Amino acid sequence: MKSTAAALGSTAALLLACGLGTAATASAAPAHGHTATAATSSSTAATPTTAATARQQAADVCASAGADSGRTVHGALSRDQVHHQLSALTAPHREARGYSASGLPDKGPLRDGAPGRGLLTDIHPAQGTSFKEISGSDGSCATQSVSAQLTVQDSSTTIYTPTMYPAGGSCIELVTVYTQSGRSVSAWDWCDSVAFEASVPIDSAFLSTYTDGTSSAYTGRVVKTDAATNSWTAGLYNYRTGSWDTLFTQSGQNQSGRNTGWDINELYSQVGTSGRSAACDAMAGQTFESSNITVRINGSWTPASPDNSDTTYDSPAGSFYCPDRTYQMVSAYDHWKAVG
């Protein structure tokens, strides 16, 4: 096993972390609109545990929430590095979410593909869990697939899978990003810049810290930390320390035009005259999966289910233009899986 896990804190600490009161999060949250800047200490490394314990921890971590570490995500890029690497994705991501040049968002679902250039067709399909607009929605969490081997060769292809955005007017979307230029887990700011503002590369260091060492998945969450300022924090669960590290925090007026949310398999690509998407080669043999999908309503965590979720943002399976791709909602709506 490549990583270790710490025992969770005391019951009182867990309850405080689950509620994420302002007193608990003030020290953990980074400066407004930036990634966390707290120093990282190697002295907090956890006592080694068994692989079975780590797997159980992965299954329980979203429901139990765990304690905030007060530290930034290990390996997170600087804000300038984020802008340099991900700025090219800003315009299409805004447009796909209905955020036009005028700044007036379309409240409809993610749009389907539109006619592209020459003999090509642009596509933007999505499938997965959609979070309903429910009063008191203030967070979401999931265990998301991640790969350090997935390679995008085609410049027209961007895979955002999984990408998670809680209902309730969140300031942050937590996105697993695969492009020709790299792989990352990144935070999209919906309240200020409407752009990517934080990112951590998917590499061996990431896998040894933010996966349990027995599966290719990380656990991430986005939660409201202050209702008065609409402040939200995105964090990744650190399996070495058994606590949550902060990737990004933001507050202000949500500009997405939505109070619903999602945890979905999403991509942008092009289709040639063969009728096959350019994304197929990158996805071939790859498993994209989100499990343990949970939502927080009025501070209480509950699994995604027909009571709080649906498939509002789903495109037809054929919209991916990959004949070998398979998709299933394993359990409605807390677990979905797409292969190839």
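Which cysteine does a disulfide join to C171? In this predicted model, the partner is C191, with an S to S distance of 2.0 Å. C171 is placed in the loop between β5 (158-165) and β6 (172-179), and C191 in the loop between β7 (182-189) and β8 (195-201), so the bond ties together parts that are 20 residues apart in sequence. The disulfide is left-handed, because the torsion about its S-S bond is about -85°. Both cysteines, C171 and C191, are buried.

The structure contains three disulfides. Another of them joins C62 to C141, with an S to S distance of 2.1 Å. This pair links distant parts of the chain, 79 residues apart: C62 belongs to helix α3 (residues 51-64) and C141 to strand β4 (residues 137-145). The link of C62 and C141 is left-handed, with -75° about the S-S bond. C62 counts as buried at 1% relative accessibility, and C141 is buried with a relative accessible area of 1%.

In the disulfide formed by C280 and C322, the sulfur atoms are 2.0 Å apart. A torsion of about -115° about the S-S bond makes this disulfide left-handed. C280 lies in helix α7 (residues 280-283) and C322 in the loop between β15 (309-310) and β16 (326-331); the pair links distant parts of the chain, 42 residues apart. C280 counts as buried at 4% relative accessibility, as does C322 at 10%. With the bonded cysteines numbered in sequence order, the pairing is 1-2, 3-4, 5-6.

The largest nonpolar core comprises 46 residues, of which I159, I172, L174, V185, F206, Y218 and L236 touch the most other members. A second, separate core of 18 residues includes W188, W190, V194 and Y313.

Key: Residues numbered from 1 in each chain as written. Predicted model: local features only at pLDDT ≥ 70, side-chain atom pairs only at ≥ 80, totals over all residues. Heavy atoms only, no water. Core = buried A, V, L, I, M, F, W, Y, C linked by side-chain atoms within 4.5 Å. Buried < 20%, exposed > 50% of the residue type's maximum accessible area, 1.4 Å probe, protein only. Disulfide = S-S within 2.5 Å. Helix = DSSP H or I, 4+ residues; strand = E, 2+ residues; numbered from the N terminus.
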